[in-house]
Amino acid sequence: MDSSAYVISILVLWMVISLSSPVLSAAEPCIKTGPCTCVTKQFTVDLTPLSTPTPRFQANDDKYTYIYSPCIPTGQKCGESTVTDIAICQELTTDHSTNFIVGTQSSAKFSGSPDNGSLQIEYTATIQGVQRTTYISVVCSDEDGSFSYLSSPSDTSYKLQLKTKYACLPCGLSAGSVLLIIFFVLLIVYIIGGILFMRYVRKAQGIEMIPNREMWMELPLLIKDGILFVSRGCKTDSSYSQI
């Protein structure tokens, strides 16, 4: 293959990678900036509007009530501990005096991404040598905020869900989406314009009306050659005969 063919194959490969990169990088992790805030390159999750002087969120399982304050300490005593930055308190439903801290504000860890709905906050608390862990899935919703119990994987770990509009991505198109739209618009214009040109200027008919038909037929081979060329460190294969 001559050098011009290599150039074409590299350009085709670059185009494929460029168009696919927005999809591959869509789920960007959310980096913690506070007990109830995290950021991606294009978006900030801020649960501060859900803060109230007294905990507003409660969820129940068959035995316990989970009292949750997303951003500021609950402001109430939980168990016999002197810990004050309480995020989640587990309280026996039939006996409000029996309760345990199952997460502190300072222990909050963010994982997942708001881009694909996998955002999660992990809270821990170690009281009297026992560590308890609570996982809260933060889900985009039209609601201002609702809280529900999901499951208990073990006696000391709990899964709950917070639905809120403050976890929703802002409306609008990303840079990758704009590039894809521009690409497909130009592609449609190219195909329609090329067909009209071939039909009425070149007087072509049938399959001959496809603009640059030979190039499109060779496209899979060009992509393959481009991948091989890059994998060799941009060096030509010595086995090719020189023309």
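Over the ring of which residue does the charged end of Arg199 sit? The ring is that of Tyr200, with the charged end 5.6 Å from its centre. A charge counts as over a ring if NZ of Lys or CZ of Arg is within 6 Å of the ring centre and within 35 degrees of the ring normal. Arg132 also meets this description: Arg132 lies over the face of Phe100, at 4.5 Å from the ring centre.

The model is predicted; local features need pLDDT of at least 70, side-chain atom pairs count only at pLDDT 80 or more, and totals for chains, interfaces and linings use all residues. Residues are numbered from 1 along each chain as its sequence is written, and side-chain values use heavy atoms, with hydrogens and water left out.

The 5 strands form an open sheet in the order 8-9-10-12-11, with mixed pairing. Strands here are DSSP runs of E with at least two residues, helices are runs of H or I with at least four, and both are numbered from the N terminus. Two strands pair if DSSP finds at least two bridges between them. Strand 8 (109-111) and strand 11 (146-154) are the edge strands, and each pairs on one side only. On average, neighbouring strands of this sheet are turned by 25 degrees against each other, direction ignored. The axes are lines fitted to C-alpha atoms. Strand 9 and strand 10 pair in the antiparallel sense over 8 bridges. Ile127 has Val130 of strand 10 as its bridge partner. Gln128 is found in the loop between strand 9 and strand 10. The phi of Gln128 is positive, near 55 degrees, in a residue other than glycine. Most residues other than glycine have a negative phi. Gln128 is exposed, with a relative accessible area of 76%. Buried means under 20% relative accessible area, exposed over 50%, and partly exposed in between (1.4 Å probe, protein chains only).

The largest nonpolar core holds 29 residues. Such a core is a set of buried Ala, Val, Leu, Ile, Met, Phe, Trp, Tyr and Cys residues joined through side-chain atoms within 4.5 Å. Leu47, Tyr68, Ile121, Tyr123, Ile136, Phe147 and Leu162 touch the most other members. Elements giving two or more residues to this core include strand 4 (57-60), strand 5 (64-68) and strand 12 (157-164). Another core, of 6 residues, lies apart from it; Ile67, Ile86, Ile101 and Ala125 are among them.

The structure holds 7 aromatic pairs. Rings of Phe, Tyr and Trp (its six-membered ring) pair if their centres lie within 6.5 Å; planes under 30 degrees apart count as stacked, over 60 as edge-to-face and the rest as tilted. Phe57 and Tyr68 form a tilted pair, 6.4 Å centre to centre, with 35 degrees between the planes. Phe57 lies in strand 4 and Tyr68 in strand 5, 11 residues apart. The rings of Phe57 and Phe147 have centres 6.1 Å apart and planes at 55 degrees, so this pair is tilted too. Phe147 belongs to strand 11, 90 residues from Phe57. Phe57 is buried at 3% relative accessibility, and Phe147 is buried at 11%. Phe57, Tyr68, Tyr123 and Phe147 form one aromatic cluster.

UniProt, in an unreviewed entry, places the feature "transmembrane region" at residues 178-201. Such annotations may be inferred rather than shown by experiment. Over residues 178-201 the chain is 96% helix and 0% strand, with the end C-alpha atoms 33 Å apart. Lys203 lies in the loop between helix 2 (175-200) and helix 3 (213-231). Lys203 has a positive phi of about 60 degrees although it is not a glycine. At 59% relative accessibility, Lys203 counts as exposed.

Technical notes
Axes are lines fitted to C-alpha atoms, for helices over the stretch in contact, and angles run from 0 to 180 degrees between N-to-C directions.
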